[in-house]
There are 2 protein chains.
Amino acid sequence: MTFKIAKKDKSSSARLGRIETNHGVIKTPFFMPIATMGAVKTLAPRDLEELGAQIILSNTYHLMLRPGVNLIKRTSGLHKFINWSKPILTDSGGYQVFSLSKSRKIVEKGVEFSSDIDGRKYLLTPEKSIDIQLALGSDIMMCLDECVAYPCKKEYAAEAMERTTRWAERSQKSKIPASPAGRKNQKSESQALFSIVQGSVYKDLRLESARNLVNLDFDGYAIGGLAVGEPRKKMYQVLDYLVPELPENKPRYLMGIGKPEEIIKAVKKGIDMFDCVIPTRNARHGVLYKFKVKSSKLKVRLFSNSENFYEIIRIKNKKYKNNLSPIDPNCHCYTCQNFSRAYLRHLFMVKEPLAQRLATIHNLSFYLEMMREIRKVIRG
Amino acid sequence: MTFKIAKKDKSSSARLGRIETNHGVIKTPFFMPIATMGAVKTLAPRDLEELGAQIILSNTYHLMLRPGVNLIKRTSGLHKFINWSKPILTDSGGYQVFSLSKSRKIVEKGVEFSSDIDGRKYLLTPEKSIDIQLALGSDIMMCLDECVAYPCKKEYAAEAMERTTRWAERSQKSKIPASPAGRKNQKSESQALFSIVQGSVYKDLRLESARNLVNLDFDGYAIGGLAVGEPRKKMYQVLDYLVPELPENKPRYLMGIGKPEEIIKAVKKGIDMFDCVIPTRNARHGVLYKFKVKSSKLKVRLFSNSENFYEIIRIKNKKYKNNLSPIDPNCHCYTCQNFSRAYLRHLFMVKEPLAQRLATIHNLSFYLEMMREIRKVIRG
């Protein structure tokens with residue numbers, strides 16, 4: 001993987017760049033639709049291609065439980081299994097173990113947890129997570145980390161952060177084994193590895209985490225442990241002091257963020273990569289996004305007033321019952337090009353599965369269009 | 001609407017024909033995917049176009065309850081509301097009132113029923129059903145009928161059949177009002193009207209029903225009240241004596257049928273039109289269809305051995321866990337061209353909505369391909 005910065009914004013820390021992977025180029029800053037279990041909910045790969053998705057995110061945790069890594073190995077990787085030819089980023093499983101599993105125990109070796117599905121016990125270690133991600137063949141792999149909740153006592157935040165660093169080092173060693181002959185059939189060279197900065201909202205811990213990980217020299221750096229309940233103000237504070245500690249020439253990934261205005265603020269603070277369930281989950285609940293201005297004027301609006309460039313349409317609201325306009329008359333997505341708000345509302349009210357699909361297409365179109373516009377703003 | 005027979009099969013009563021409507025030509029015999037509430041579950045119009053669907057079926061009963069006929073009127077009809085440009089057949093609501101509504105009362109005027117949704121009381125009359133179908137703008141409308149359960153006492157079957165005839169007459173009068181100036185803005189001339197033969201499994205009642213309706217001269221004739229619990233043998237007996245009573249030069253529609261082998265048997269007995277929830281409902285439960293022979297050999301197999309040309313794949317079965325073949329390697333649908341049984345099974349096991357969609361695409365592809373092959377057999 002290579003990363004090149006093409007342009008820097010004059011009035012902010014935003015950067016325009018490109019990541020080259022074995023599965024193609026990704027223009028930064030970008031947003032990754034989430035294909036947790038190997039599919040973006042309600043969408044097929046060709047829908048994502050039509051929307052212009054550059055890369056999707058899948059989860060090691062979910063895929064190791066079902067269908068299991070052996071099957072994906074047998075199909076020579078996730079790309080082929082799910083029939084997606086563009087880049088894939090896989091999360092390490094750390095966040096899911098933290099958020100999903102009822103009974104889990106963190107030890108130095110890794111995380112012990114019981115499957116939500118059948119209660120079976122698993123031990124996920126940094127090495128095992130890398131092994132699985134190598135088998136999945138993702139273009140960007142993540143190190144197993146320990147994500148702490150908010151609020152978190154400083155003592156424990158420090159402990160978790162230090163363990164995250166040790167796990168990152170073990171992940172790295174696991175990816176590039178001492179003897180190259182020892183691990184055949186692993187395309188580890190073409191798979192990038194990112195580590196994850198932790199440290200809750202404690203400045204000294206965050207900075208220490210960043211320095212330790214930067215010393216180990218990863219392909220990119222993620223910021224984890226945010227959007228876990230802290231006030232948004234604190235998140236921006238973390239970015240303000242943390243991003244300058246990260247190397248200029250490596251991609252920066254803010255995990256699990258966020259709302260449109262949060263993405264824009266984070267881009268301005270120097271973040272290149274985003275993922276979030278918000279657009280797809282909201283879509284499935286009939287909560288839709290619409291730009292307040294036409295695309296041609298959006299460019300001006302975006303960076304100058306990042307809170308005020310879009311509105312929310314709750315399509316199940318009675319006021320849309322007879323509304324024959326598309327969600328957004330300026331949107332080029334399949335949904336807006338073909339269906340009215342009234343029809344979409346009808347589909348939601350009668351619980352037709354097509355409702356969630358059409359809404360998902362539109363919301364991802366909004367997010368991906370927003371990212372294209374952000375890149376235009378930086379390009380100048 | 002016009003109907004022309006192009007060819008008759010030599011060894012059976014099957015006919016090849018074409019129905020011309022204002023929304024295009026439909027080749028007969030054909031199968032209608034069911035878009036009960038204005039969408040084929042999980043599919044968008046372009047999916048149906050890609051599959052080669054010629055016509056879809058929607059339900060007056062469901063659409064009158066939600067979103068209500070006023071909204072559809074406002075969009076100038078169902079085609080525009082759901083963005084489907086090919087023909088639509090609308091059922092009259094009779095069958096749904098019979099099968100869905102908890103409390104209903106049949107009187108000479110029509111059917112009184114309570115909505116399943118909000119308990120509101122409705123009176124559906126033959127005239128009202130036609131009014132709604134005229135507003136929907138469907139290419140083929142159905143007369144309100146009274147469908148009786150199986151078994152049904154002959155006395156009641158006779159009563160219901162006679163009422164169905166009277167209602168058919170009222171429907172016809174309602175469609176073509178005495179004074180043409182009385183009903184402006186109704187494209188009734190371009191909308192065909194079919195009546196429905198009833199009479200349960202009683203030969204004399206069925207024949208009487210057919211003669212009465214044929215005397216009234218409809219655009220086509222449906223056979224209703226079958227597949228309501230009677231042994232399949234009895235259904236074929238009804239077809240054997242009933243079809244010869246129907247006019248040669250009018251389309252014949254067997255309502256709510258059926259399994260692949262039932263469709264083939266009915267085609268051989270002279271039926272031109274079919275609808276059924278089986279392929280789409282089965283798809284949503286992971287029950288998939290596969291031809292036993294290649295398309296090139298299917299033609300020979302179809303009519304000669306109509307029970308033995310396909311198999312059922314229950315994709316959730318563990319035996320498909322590691323099966324990397326498509327459902328049917330000879331199938332041209334999007335699902336078979338892009339995904340393995342193992343992936344489809346995985347999607348079903350983790351309850352990804354894409355599972356039902358990919359399965360629906362495949363099962364409809366099977367049904368529509370079967371109809372194309374049937375037409376080829378008749379063409380000779």
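A nonpolar core is a set of buried Ala, Val, Leu, Ile, Met, Phe, Trp, Tyr and Cys residues joined through C-beta atoms within 7 Å. Buried means that 20 or more other C-beta atoms, placed from the backbone, lie within 10 Å of a residue's own. This is a predicted model: local features need pLDDT of at least 70, side-chain atom pairs count only at pLDDT 80 or more, and totals for chains, interfaces and linings use all residues. Residues are numbered from 1 along each chain as its sequence is written, while chains are lettered from A and ligands numbered from 1 in the order in which they are written.

**View 1. The largest nonpolar core has 246 residues.** A:Ile56, A:Phe194, A:Leu344, B:Ile56, B:Phe194 and B:Leu344 touch the most other members.

**View 2. A:Phe194 and its contacts.** Leaving aside neighbours within four places in sequence, A:Phe194 is in contact with residues including A:Ile140, A:Met142 and A:Tyr253. Contact means C-beta atoms, placed from the backbone, within 7 Å.

**View 3. Chain B meets chain A.** Here 30 residues of chain B are in contact with 30 residues of chain A. On the chain B side, H14(B) gives the most, with five residues. Helices (H or I, at least four residues) and strands (E, at least two) are DSSP runs, numbered from the N terminus.

**View 4. Strands E8(A) and E9(A) run antiparallel.** Four bridges join E8 (residues 111-114) to E9 (residues 121-124); strands pair if DSSP finds at least two bridges between them. A:Glu112 stands opposite A:Leu123 in E9(A). Six residues lie between the strands of this hairpin, where A:Gly119 takes a positive phi near 75 degrees.

How values were computed. Contact = placed C-beta atoms within 7 Å. Buried ≥ 20, exposed ≤ 12 C-beta atoms within 10 Å, placed from the backbone.
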